[in-house]
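The sequence and structure come first.

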Amino acid sequence: MNNLKKVGLTALAGALVSFSANAAELTVTGGASIGFTGEEKVDTGNGWSMNDGLTFAATTELDNGMTVTATQIIDSSDGAAGAIMDTRTLKIDMGDNGVLTFAGTGGSSVLNAVDDTTPTAYEESWDVVSSASAIPGGTGGDNMFHYSNSSLMDGVKLSASYTPSSGGTASIESSSDYGVEYTGIDGLTVGIAMGENNLKAATLDLTSMYARYAMDAFTVGITTSESDSEATDADKEFTAMGISYAVSEELSVSLNTSTIDYEDSTLSDQDATGISMSYVMGSMTFKAARNDVANIAGSANADRSAYDLSLAFAF
């Protein structure tokens, strides 16, 4: 009986060691926010809203040293019939060989990530106001790949993304983009991204360049991008500038402007100006933004202002 007990304990110990070696590190983070939005000349109805979300992440290290992380975000908001399975990704960190991410849902391309890099305490200048023309951007969505590598050269980060065709009219053919970013000078970030958006019949060739410089409590930045379309008179040029100031460790303020210039001569330039602030106290963050947009979506004299308030808690 003693021998049998020894054998059983030895087998159990071996099983526990095996389980520990393959066990993933599980983390759960989340947050909730209350918001209020209002807009001039627009009936927004009940401006109050609530958003909340939980992020589940499981990380494990493979025998070859690679780290694999699976992430699932569960999100919900006012009016939704229960929780929404939001962004879902599988990330493979290959060390010096870079990071490969497959987004089952909620993926973002290289160009999308740098559509407007100007520093802001809350929202971009062209946001908040409804019907404002969207700025040129890349593809994104479900079942797409993203790759980045910061180990090839000091201060240089290379990125690429690929969005396969979904077939039918949803996506005519696959899209891809790539970019390079340099941070080798203290406080300075510069980058360029290029690619194609083939989600519609008229292909878009996209280029975005940006620069941002931080000095003490101030950060200034500029972003310029072009969208060249196969369709007639459908090209767009976007320029944004911004400056932010950290009043203290808790309080930041920013001023941002942007312009969209349309190739179509019947459209007027869309000009936007935004003021934002952010105040952090522990796990609580209060943010506010007031934006003014002139010639909304190129429509002359279509001018409106809007504001957005948010009180968020992290846990």
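## Terms and overall fold

Strands here are DSSP runs of E with at least two residues, numbered from the N terminus. The model is predicted. By this assignment the protein chain has 18 strands and two helices.

The chain has 315 residues, of which 31% count as buried. Among contacts between residues at least 6 apart in sequence, 49% join residues at least 24 apart. The protein chain exposes about 17,700 Å², and 57% of this area is supplied by carbon and sulfur atoms.

## Salt bridges

How many salt bridges does a search of the whole structure find? The search finds two. In one of them, Glu39 pairs with Arg304, with 2.8 Å between the closest N and O atoms. This pair links distant parts of the chain: Glu39 lies in strand S1 (residues 25-39) and Arg304 in strand S18 (residues 304-314), 265 residues apart. Glu39 has a relative accessibility of 13% and therefore counts as buried. Arg304 is buried as well, with a relative accessible area of 17%.

Arg290 and Asp292 form a salt bridge through their side chains, at 3.3 Å from N to O. Here Arg290 is partly exposed at 42% relative accessibility, and Asp292 is partly exposed at 34%.

## Nonpolar surface patch

A nonpolar patch on the surface is formed by Tyr213, Met215, Phe218, Val220, Ile243, Tyr245, Val247, Val253, Leu255 and Ile275. Together these residues have about 830 Å² of accessible area. Strands S12 (204-215), S13 (218-229), S14 (236-246) and S15 each supply at least two residues of the patch.

Tyr245 is one of the patch residues and is placed in strand S14. Its relative accessibility is 32%, so Tyr245 counts as partly exposed. Patch membership requires over 30% relative accessible area, a cut-off that Tyr245 passes at 32%.

## Negative surface patch

Which residues form the negative surface patch? The members are Glu173, Glu196, Asp205, Glu226, Asp228, Glu230, Asp233, Glu237, Asp261, Glu263, Asp269 and Asp271.

Asp269, one of these residues, is found in the loop between strand S15 (251-262) and strand S16 (270-281). With a relative accessible area of 33%, Asp269 is partly exposed.

Definitions and conventions. Residues are numbered from 1 along each chain as its sequence is written. This is a predicted model: local features need pLDDT of at least 70, side-chain atom pairs count only at pLDDT 80 or more; totals for chains, interfaces and linings use all residues. Side-chain values use heavy atoms; hydrogens and water are left out. A salt bridge is a side-chain nitrogen of Lys or Arg within 4 Å of a carboxyl oxygen of Asp or Glu. Helices (H or I, at least four residues) and strands (E, at least two) are DSSP runs, numbered from the N terminus. Buried means under 20% relative accessible area, exposed over 50%, partly exposed in between (1.4 Å probe, protein chains only). Patches are made of residues with over 30% relative accessible area and no salt bridge: like charges are joined within 9 Å, nonpolar side chains (Val, Leu, Ile, Met, Phe, Trp, Tyr) within 5 Å. Accessible areas come from the Shrake-Rupley method with a 1.4 Å probe; for residues, only the protein chains shown count as cover. Lys and Arg count as positive and Asp and Glu as negative; His and the chain ends are not counted. The place of a charge is taken as NZ of Lys, CZ of Arg, CG of Asp or CD of Glu. Contact means heavy atoms within 4.5 Å.
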